[in-house]
Amino acid sequence: MIEKFRVIIAAVLFLSPAGQQVRADPAPSESVRIPNFWNPRARGERIEAPQTGRPVRFLTDDEFPPLHFAGPDGAPTGFAVELARAVCERLAITCTVQARRFDTLLDALNERQGDVVAAAIPLTPTLREKFLATRPYFRWPARFAARTSPPLPPPSPEGLAGRSVGVIAGSAHAAYLRAFFPKAQTKEFTDLAAAEGALKRGETEYLFADGVNLALWFGGQEAAGCCAFTGGDYLENRYFGEGIGLVTRQEDAGLARALDDALQRLWDDGKYAELYLRFFPVSPF
């Protein structure tokens, strides 16, 4: 399941116009940082969800951990799913969650087989031509990884001069590295597992890749504690996308506004942090 997650996550990296940055707030544990995507100046009066007389139907996929996957009882769970449930509780509305195949979610929403998609579908201008979406509640930061011993300097354009850096060939990370770290010695790999193995064996000094996948690797047995993040996160929209939000139909503008407001308030009251810590024991930020 984790390997499938790695394949899909590579597919959702895309190019889009430059946009907002994100702050990473310290979590109770020094090793876990919780991202903050919300603007405190945007807070207003509470927005109530429209009353439809029936449950709001959330659609998701169950093969995309840690965002959405099948739990031990077979029911959908994951960070996006539990955040959706928390939104429903915050809005005091009844909701259902149904799992469908990832590539059918937007069609099902369009055909009114559900009301909201809570899944890792990237926010793009093309998506917004057909649907509404909340502000991002999650993004995929690019991160540098290095071996924990011997210690290497944090990455910088000058500090990486002459240093070997692994990247996935043809990826947004490879393009970003060429543009902003031109003096690094880039070593391209066909897949992330090969790049991780090369870093672990000391065949490269750094690896620049998707932070979520790297965090999963650090927390697994394959890494065996060899490596860790170094430096900060990179979130330029033009390379790494705008992230993901809750997606609704365009005619459901009132519901979209209520969802957006509820996400903001879940951050304010600490519920977002609680769920983030549950599903991201190693933070990608």
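A polar contact is a pair of N or O atoms within 3.5 Å; within protein, one atom must be able to donate a hydrogen and the other to accept it, and residues adjacent in sequence count only if both atoms are side-chain atoms. Such a contact, of 2.2 Å, links the side chains of Arg139 and Asn237. The model is predicted: local features need pLDDT of at least 70, side-chain atom pairs count only at pLDDT 80 or more, and totals for chains, interfaces and linings use all residues. Residues are numbered from 1 along each chain as its sequence is written, and side-chain values use heavy atoms, with hydrogens and water left out.

- Arg139 is buried (under 20% relative accessible area, with a 1.4 Å probe and protein chains only; over 50% is exposed, and in between is partly exposed).

**Disulfides**

- The whole structure holds two disulfides (pairs of cysteine sulfur atoms within 2.5 Å).
- Cys88 is joined to Cys95, with an S to S distance of 2.0 Å.
- Cys88 is buried, at 5% relative accessible area, whereas Cys95 is partly exposed, at 24%.
- The other disulfide joins Cys226 and Cys227, whose sulfur atoms are 2.4 Å apart, and both of these residues are buried.
- The link of Cys88 and Cys95 is left-handed, with -100° about the S-S bond; the link of Cys226 and Cys227 is left-handed, with -100°.

Note on methods: Lys and Arg count as positive and Asp and Glu as negative; His and the chain ends are not counted. A salt bridge is a side-chain nitrogen of Lys or Arg within 4 Å of a carboxyl oxygen of Asp or Glu.
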